Amino acid sequence: MCGIIGYLGKRNTADVLTEGLKRLEYRGYDSAGIAVFHNDRIEIRRTEGKLAVLEEMISKESFNGATGIGHTRWATHGRPSDANAHPHKAGRIAVVHNGIIENYLPLKRGLEKKGHIFNSETDSEVISHLINDFIEQGLSFEESVRKALHELKGSYALGIMFEGNQEKLIGARNESPLVVGLGDGELFIASDTPAVLNYTRDFIFLEDGQMVVLSDGKATVKDLSGKTAKAEPRHLDWNPLMAEKGGYKHFMLKEIFEQPEAIINTIRGRVSREEGTISFENFSLKKKEIDNLKRIAIVACGTSFHAATVGKFMIETLAGIPVDVDIGSEFRYRDPVIGKGTLVVVISQSGETADTRAALREGKRKGCLSLAICNVVESSIARESDHVIYTHAGPEIGVASTKAFVTQLVALYLLALYLAVGKGRVDARKVQKLLAELIRIPGLAKDLLRNASDYQKLARKYAYARNFLYLGRGINYPIALEGALKLKEISYIHAEGYPAGEMKHGPIALIDKEMPVVVLVADDDVRDKVMGNIEEVRARDGILIALASANHQEVRQKADEVISIPQTTPLLSPILFTIPLQLLAYYVADFKGNDVDQPRNLAKSVTVE
Ligand code: AGP
């Protein structure tokens, strides 16, 4: 959940590090720090708080060293403070770390017995002491790192500097992501590609249990026995601009407005309307495999879990295969009844969420076929799964997921159609009809985005509310959950998403004239039931904000506010209902002056359990 970066080259090292950390700050922003060589010594500058505090601190300094490492922190062990900020230096070794060292206490006690003095409460500091201890025993920099890594238990992405050699930088990964950027006469390590997209698009994606030695202009990947490993560089077609705000006030707003294009990119090259077929680059199942599919288990966390719940409706409706949906952190601890004949589908924007990754491993351990739906290319979950469907949403920087969610719904719709064709449940004509409806969605999404100022007015009118209730039924119940999550995570207003029919069994007690109740009224077979729930809210003077996709007249008479949703099929309606809810949450949070892109207590990818 932290972001790390490392650089070896001729540019101003401190600038490269802070620029990169700026693009990693969505991973955590409790403290920041850099270590750079200056006059052959490692200088450390670090501070509690956002990167801007560090930038201010070093603004009047210059360092002449060619090598450096940097870190932006999401606190796990030890509260946000200067002492707990990274880099951690012990003797001649400086380290930045993302992850959790599970056996740090026994290691620390062992080193303290040898006279080591620790200055922080972190688990990470033990790594610098451990490596330095081997250095003091006369081992080489690389050998000392390898020895130390053998003693560590847990997850780590590391950037390591040695005061004895400023021409060498070492990186290592286990469980936490680390990429190596191959520039022209310069080399980088980073937690994520956007950090160095400015300088290169050629990357090596390290595997678990690998380390990389950057020196003499080359990056040598090795396993922990010291054997050189084959590592194919990948060229990414993402450009730095994609990681810029492009004139929007926040990344989240930019990413909401990028959804029509993201939807098109996720469909592109995967459907043939002429033939009524669907295909994926990194996923295909033989007819026999589809016929033997008895069950699908979809597992994910947060917003991705809401997509999973919509996916259940799409797959069961179109392909007729029974689908379970599970929350990642619950899945493996309930010993799920799965095995051969079960396809485990894991959904993750970042592809690094530890709970979802653990669920994937549980599914594989039980002999299930696995498919990942991920946005970050070559992420851990994507590479560990048997198959992967990438959502082509591009880099998502805002912590609150928006365009990645909508492209997950598109990918699930295509997956449902693919399985339905494989099961022979739909013929080419039916597929052409269902694809024709999908192709209309980007245009309809654009229409919705044109009304953004209306949603802004609405948001400002109700931004004072202390609680919100979101109600939906059927395939739009998960969208009520998503609307509530978006509002909670960026506006800090308590909000609850609930199945509309379930409201009378409890939450209806919360409703009074102060409570905005957002109701999703889709044009599907539960519409009349939802209209009944609207009556129940009106009877308790709740403030009714209705999103309605047809016959607005009837809804307009009953609701205080109405947001019109363009007509589409019930299976695709969740995509259109989502967009105004994202903007409602965004404008409430922006109106309250919150840090929308980096909401408190959150991080973009949660890489610890
Ligand atoms: C959503 O806005 C949040 N950022 C969070 O709930 C997120 O969806 C969850 O952490 C899962 O992340 P993933 O899709 O990268 O696995």
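Predicted model: local features only at pLDDT ≥ 70, side-chain atom pairs only at ≥ 80, totals over all residues.

Which element gives the largest share of the shell around the ligand? The answer is H9, with 3 residues.

**The ligand and its surroundings**

- There are 13 residues around the ligand, and those that come nearest are Ser304, Ser348, Ser350, Thr353 and Glu489.
- Ser348 places a polar side-chain atom 2.6 Å from an oxygen atom of the ligand.
- Ser350 also uses its side chain, in which an N or O atom is 2.7 Å from an oxygen atom of the ligand.
- Gln349, by contrast, uses its backbone: an N or O atom there lies 2.7 Å from an oxygen atom of the ligand.
- The protein buries 91% of the 410 Å² that the ligand exposes when taken alone.
- Two or more residues of the shell come from each of helix H9 (302-319) and helix H16 (477-491).
- By type, the shell around the ligand holds 8 polar, 3 nonpolar and 2 charged residues.

**A pair of packed helices**

- In general, two packed helices are described by the angle between their axes and the distance between those axes.
- For helix H13 (residues 403-422) and helix H19 (residues 573-591), the angle is about 175 degrees and the axes are 10 Å apart.
- H13 is therefore roughly antiparallel to H19, because an angle over 145 degrees counts as roughly antiparallel.
- On the H13 side, Phe405, Val406, Leu409 and Val410 take part in the contact, and they meet Pro574, Ile575, Thr578 and Gln582 in H19.
- The residues of this contact comprise 6 nonpolar and 2 polar, with no charged residue.

**Two features of the backbone**

- Most peptide bonds are trans, and most residues other than glycine have a negative phi.
- The peptide bond from His86 to Pro87 is cis, and its omega is near 5 degrees.
- Pro87 is found in the loop between strand E4 (67-73) and strand E5 (88-90).
- Asp216, a residue other than glycine, has a positive phi, near 50 degrees.
- The loop between strand E12 (210-215) and strand E13 (218-223) contains Asp216.

Terms used. Residues numbered from 1 in each chain as written. Heavy atoms only, no water. Near = heavy atom within 4 Å. Polar contact = N/O pair within 3.5 Å; in protein donor to acceptor, adjacent residues only side chain to side chain. Areas by Shrake-Rupley, 256 points an atom, 1.4 Å probe, with all protein chains shown as cover. Helix = DSSP H or I, 4+ residues; strand = E, 2+ residues; numbered from the N terminus. Nonpolar A, V, L, I, M, F, W, Y, C, P; charged D, E, K, R; others polar. Axes fitted to C-alpha atoms, helices over the stretch in contact; angles between N-to-C directions. Parallel < 35°, antiparallel > 145°, perpendicular 65-115°, else oblique. Contact = heavy atoms within 4.5 Å.
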